[in-house]
Amino acid sequence: MAILIVEDEKKLVDILKRALKAERYSVDAAYDGEEGLAKAIKNNYSLIILDILLPKKDGFAVCRELRARHIHTPIIMLTARGGTDDRVAGLDAGADDYLIKPFGITELFARIRAVLRRRKTTDATIAKIADLLMDKRKHEVTRAGKVVILTPKEYKLLDVLLSNPGEAVTRRKLIDHAWGPEFKEANNELNVHINYLRTKIGKGRKKPLIYTVRGVGFVLKE
Ligand code: CA
C-alpha cells in the first residue's frame with residue numbers, strides 16, 4: 001500500500017516516512033505543492049497526506065486540482081492548530097479527513113486506517129437504483145443514460161445513499177461522509193445539499209428517488 005506525503009518540513013517527512021515504513025506502507029514524498037500534484041497524478045497511491053502550507057502551490061489547490069481531474073485518492077490534510085477555517089476549507093476542497101499539527105503517530109495511523117476502511121466499504125465500482133447509475137471509476141452519475149453533473153458534496157451524499165439502498169441513512173452518517181465527523185451544521189447544510197441533489201437527479205420525473213425519513217435522515221428507494 002503506497003502513501004504519498006506532501007510536506008515541506010523535511011524533518012516531519014523523515015519521521016512520518018520512518019513510522020509508516022515500520023507499519024509496512026511504502027512511502028513516497030514530495031516537498032512542494034507542484035511536485036506533490038505531479039506525483040499524485042502520475043502514480044497510483046492508496047492515500048495522500050497533504051500539508052496545507054506548501055511552497056509553490058498550497059494543499060487546498062493541490063486537493064482541488066486532483067478532484068477536478070477525477071483523482072479520488074483519499075486525502076488526509078495537515079492543518080495548523082486552531083485553524084477551523086482551514087479544516088472546513090480542506091474538506092470542502094475534497095479532502096477525506098484532517099489532522100491538526102502537532103499530532104501523534106498513533107493518531108495518524110488511526111486516521112489512515114479509518115479513511116482506507118471508509119473508502120473500501122464504498123468502493124464497488126458501479127452502484128445503481130432504478131435508472132440512476134453511479135460509475136465510481138469514471139466518477140460519473142447518469143440517469144436514464146444522461147449525465148447528471150453533481151458537486152463533490154452531492155456526489156458524496158448520493159454515494160452513501162446508493163451504498164444503502166432502501167435503508168434510512170441517518171443525518172449524522174451523511175454529514176460524516178460529506179463533511180467529516182467534526183462538522184456541525186449551522187444552516188441546515190445537509191437539507192440544502194440533499195435538495196439540490198434531489199432536484200438534479202429527479203429533473204422532469206414524477207417520482208423522486210430520495211425520500212425524507214422524519215427525525216432520522218433520508219432514504220434512496222424506487
Ligand atoms: Ca508546511
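Strand β4 (residues 75-79) is mostly covered, with 5 of its 5 residues buried, where buried denotes under 20% relative accessible area, calculated with a 1.4 Å probe and protein chains only. The model is a predicted one, in which local features need pLDDT of at least 70 and side-chain atom pairs count only at pLDDT 80 or more, while totals for chains, interfaces and linings use all residues. Residues are numbered from 1 along each chain as its sequence is written, and side-chain values use heavy atoms, with hydrogens and water left out.

In a regular strand the side chains alternate between the two faces of the sheet. Both faces of β4 are covered, Ile75, Met77 and Thr79 being buried on one side and Ile76 and Leu78 on the other. Strand β4 pairs in the parallel sense with β3 (residues 47-51) over 4 bridges, pairing being assigned if DSSP finds at least two bridges between two strands; strands are DSSP runs of E of at least two residues, and helices are runs of H or I of at least four. Aspartate 51 stands opposite leucine 78 in β4.

Elsewhere, 3 strands form an open antiparallel sheet in the order β10-β12-β11, with β10 (169-170) and β11 (210-213) as the edge strands, each pairing on one side only. Strands β11 and β12 (residues 217-220) pair over 4 bridges, and tyrosine 211 has valine 219 in β12 as its bridge partner.

Key
Buried means under 20% relative accessible area, exposed over 50%, partly exposed in between (1.4 Å probe, protein chains only).
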